[in-house]
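My notes follow in the order I took them.

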Amino acid sequence: MKNFFKNSDIEIEDLGDGIKRKVIAFNENLMAVEIYFEEGAVGAMHKHPHEQISYIIEGEFEFTIGGQKQILKPGDSAIKEPNILHGAICLKKGKLLDIFTPCREDYLNCK
């Protein structure tokens, strides 16, 4: 198992439409990801079998989780249980820290 992840060794992946992603640490059970949003960028509504916590580092976001909307700012966070429909709109350019369990194998090979 890898224990250390140096920021200078990790590439930022451009997902298009004003969103970029950087997988900053992971093992098969847990993953931490920085997500960068340009103002107006939309994290489309979706769901997945992973539990997720989103922590707002910078900016302002309107999150929709299970049909409920809430505006979140730096220091705020949200939990998404498995298979709940969720998405976000970036109201002010920002950065999120997303934590997933288990690892998002669709982001990379976690094993």
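I began with the burial cut-off: a residue is buried under 20% relative accessible area, exposed over 50%, and partly exposed in between. The model is a predicted one, and I read it as such.

**Entry: E60**

I looked up E60 first. E60 sits in strand β5. Is E60 buried or exposed? Its relative accessible area is 14%. That is under 20%, so E60 is buried. I then listed its contacts, leaving out residues up to four places away in sequence. E60 touches I71, L72 and K73, and also I89, C90, L91 and K92.

**Entry: overall fold**

I counted the secondary structure next. The chain has eight strands and zero helices. From the N terminus, the order of elements is β-β-β-β-β-β-β-β. I checked the radius of gyration and found 14 Å. The globule rule gives 13 Å for 111 residues, which is close, so the chain is as compact as a globular protein of that length. The C-alpha trace spans about 40 × 30 × 25 Å along its principal axes. Of the 111 residues, 37% count as buried. I also looked at contact range. Among contacts with a separation of 6 or more, 61% are between residues 24 or more positions apart.

Strand β1 covers residues 13–16 and strand β2 covers residues 19–26. The two run antiparallel and are joined by three bridges. G16 stands opposite I19 of β2. Two residues lie between the strands of this hairpin. D17 is in the loop between β1 and β2. Its relative accessibility is 74%, so D17 counts as exposed.

**Entry: E38**

E38 lies in the loop between β3 and β4. The C-alpha atoms of E38 and G18 are 4.9 Å apart, though the two residues are 20 residues apart along the chain. Which residues does E38 contact, neighbours within four places aside? I found G18, C90 and K93. E38 is partly exposed, at 42% relative accessible area.

**Entry: largest pocket**

I then searched for pockets. The largest has a volume of about 310 Å³. Its lining has 23 residues. Nearest its centre are I35, F37, G43, H46 and D98. The elements giving two or more residues to the lining are β1, β2, β3 (31–37), β4 (42–46), β5 (51–65) and β8 (86–101). Which strand gives the largest share? I found that β8 does, with six residues. By class, the lining has 10 nonpolar, eight polar and five charged residues.

Most residues other than glycine have a negative phi, and most peptide bonds are trans. N83 lies in the loop between β7 (77–80) and β8. At 47% relative accessibility, N83 counts as partly exposed. I also checked the peptide bonds. The bond from T101 to P102 is cis, with omega near -10°. P102 belongs to the segment after β8.

Methods: Residues are numbered from 1 along each chain as its sequence is written. This is a predicted model: local features need pLDDT of at least 70, side-chain atom pairs count only at pLDDT 80 or more; totals for chains, interfaces and linings use all residues. Side-chain values use heavy atoms; hydrogens and water are left out. Two strands pair if DSSP finds at least two bridges between them. Helices (H or I, at least four residues) and strands (E, at least two) are DSSP runs, numbered from the N terminus. On a 1 Å grid over the protein atoms alone, a cavity is a set of points where a 1.4 Å probe fits but cannot get out, and a pocket is an open set with protein on both sides within 12 Å along at least five of seven lines; lining residues have an atom within 4 Å of a point. Grid points are joined across faces, edges and corners, and a volume is the space filled by probe spheres set on the points. Ala, Val, Leu, Ile, Met, Phe, Trp, Tyr, Cys and Pro count as nonpolar, Asp, Glu, Lys and Arg as charged, and the others, Gly among them, as polar. Buried means under 20% relative accessible area, exposed over 50%, partly exposed in between (1.4 Å probe, protein chains only). Contact means heavy atoms within 4.5 Å. The radius of gyration is taken over C-alpha atoms; the globule rule is 2.2 Å times the number of residues to the power 0.38.
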